Amino acid sequence: MARILPVASFDCVVFGATGDLTMRKLLPALYQRWRDRQFPASSRIIGAARSNLDDAGFRAQAEAALQRYLPEGTLEEATLAEFLGLMHYRRVEAAGEEGWESLVALLAERPEQVRQFYLATSPELYGPICQRLARHGGLHAQSRVVLEKPIGHDLASAREINRAVGEVLPEAQIFRIDHYLGKETVQNLMALRFANPIFERLWHADMIDHVQITVAEEVGIGGRGGYYDRAGALRDMVQNHMLQLLCLLAMESPISLDPDAVRDEKVKVLRALRPIAPHEAHLHTVRGQYTAGAINGQPVPGYRADLDGAASLTESFVALKLQVNSWRWAGVPFYLRTGKRLPRKVSEIIIEFRTPPFSIFPREAVGMQPNRLLIRLQPEEGMRLEMMTKEPGPGGLHLRPTALDISFEKTFGTRYPDAYERLLMDVVRGNTTLFMRRDEVEHAWNWVEPILQGWADRPEAPRPYAAGSWGPTAAIAMIERDGRTWYESLE
Ligand SMILES: NC(=O)C1=CN([C@@H]2O[C@H](COP(=O)(O)OP(=O)(O)OC[C@H]3O[C@@H](n4cnc5c(N)ncnc54)[C@H](OP(=O)(O)O)[C@@H]3O)[C@@H](O)[C@H]2O)C=CC1
Ligand SMILES: O=C1O[C@H](COP(=O)(O)O)[C@@H](O)[C@H](O)[C@H]1O
């Protein structure tokens, strides 16, 4: 049974309350926390957007969303009625003056509550919203603002957002969310590395041949084409989620779990990434865009058809090879790939260890494979250590790869909470450990930007790949040129 640590009473104001993120992720996460009674009934959830709704209209939208998005068996009538009772709505124009006084007056009814302002809008509105909150007296010492990713579109816009928000709030009250950091298995990376010295001793270029990180999605761009086509896979997934995974994997041990101690170590990894200059981008990266194909046997349209036929050059897939310039990682390539409309949803990290320097086994005895540690982030969260073992039988010495396999769900027998559940409660607690600090975001953009520049300098169309495949063949060629191959499970 998971331990529930209650949090203080709060007002959670969600800007962008009628949007996809709020309906699909934030409200279900808050509902789950309410269902476990993690927060008191004096808390309020206040939706803010331009749509012409009142409290009842917002509650009706929320109810429909909860019915649609909550996992089966979790929606209980009485709990739902109580939860909807916590909800309010204010019409607010984030970039104008309409609605602010009414919103701040509602907040002023409970001045002692923690205030969580969740900015689920486009990033251009982050600065204007924070500035208006300050001007209208909506901020106090117990206020925290949550900024959704992506923070900006490039380094300059990220800096401008950070500047505008930082003008009215200290860093300790700014929570730049990357929901991958809230995933249980991502947090478990810290436990794996720093609570298990057996692995930490091996976590070194002397022992590791290379690392792969794959974040594959079955879904296409869906209804988010307007945003996605301006972003692409590098901005949408690599600049944030995948670099965060890389940081947790590659960083040195922090001196404590203090937020800044952890974030200092992550920043060192970002600063140690070998820059990929614009003229080298085509050597170390592959961009792809899905065409029509099939997922789970069902035909699906291509990227451009999902965009109503627009002739887009945006990548829905990217593969990269990168290096971390440090003693620990010198010479160890990190291969990253992510894409939409790949055969299945899976996020995993593969640490491939070096092969024995010399084999004592006769050639016919072995299908020698390197040891691999596979960390499955989602779905079927767990870990698997692949090793060579002797095949049982009297007929000689034959080796075969087998696996020590741990399923976290089977081990702990508990539901894995959605990342937003944990992160929303951390905001109320004021714990920034699992959120990105200003310099992390800016260093990540700083590394990504020359790649974007290189692509812009050679405006070739991304390579096509059929929906349901593992991306363009050039991504396979990229790793195979190094004598390696993308990991495929033993099954
Ligand atoms: N959806 C997702 O899965 C994810 C989204 N994100 C990020 O979260 C943010 C929101 O995404 P998403 O929910 O998909 O976007 P949507 O386009 O679905 O929603 C945008 C929301 O902002 C409101 N809004 C727009 N302009 C204004 C304005 N001027 N004043 C007040 N409200 C405004 C809209 O409501 P109205 O029109 O009523 O004003 C709507 O509620 C984005 O930054 C996105 O990148 C991050 C990770 C995942
Ligand atoms: O931030 C984002 O993440 C989702 C993938 O998240 P996951 O938790 O389902 O792995 C991705 O679909 C979306 O494009 C991106 O903005």
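**Exercise 1. State where R341 is found, and decide whether R341 is buried or exposed.**

Solution. Begin with the chain: R341 is found in the loop between β12 (334–339) and β13 (346–353), where strands (E, at least two residues) and helices (H or I, at least four) are DSSP runs numbered from the N terminus. The model is a predicted one, in which local features need pLDDT of at least 70, side-chain atom pairs count only at pLDDT 80 or more, and totals for chains, interfaces and linings use all residues. Residues are numbered from 1 along each chain as its sequence is written, while chains are lettered from A and ligands numbered from 1 in the order in which they are written.

Next, take the backbone: R341 has a positive phi of about 60° although it is not a glycine. Most residues other than glycine have a negative phi, and most peptide bonds are trans.

Finally, count neighbours, using C-beta atoms placed from the backbone: a residue is buried if 20 or more others lie within 10 Å of its own, exposed if 12 or fewer, and partly exposed in between. R341 is buried because 31 other C-beta atoms lie within 10 Å.

**Exercise 2. Describe helix α1, and find where its kink lies.**

Solution. First, the length: α1 (residues 20–35) has 16 residues and reaches 22 Å from its first C-alpha to its last, close to the 22 Å expected, the expected span being 1.5 Å times one less than the number of residues.

Second, the kink: a bend of about 30° lies at L26, shortly before the proline P28, the bend at a residue being the angle between axes fitted to the seven residues ending there and the seven starting there.

**Exercise 3. Locate the cis bond that joins K149 and P150, and the one from Q378 to P379.**

Solution. The bond joining K149 and P150 has omega of about -5°, and P150 is found in the loop between β5 (143–147) and α6 (155–166). For the bond from Q378 to P379, omega is near -20°, and P379 lies in the loop between β14 (372–378) and β15 (382–390).
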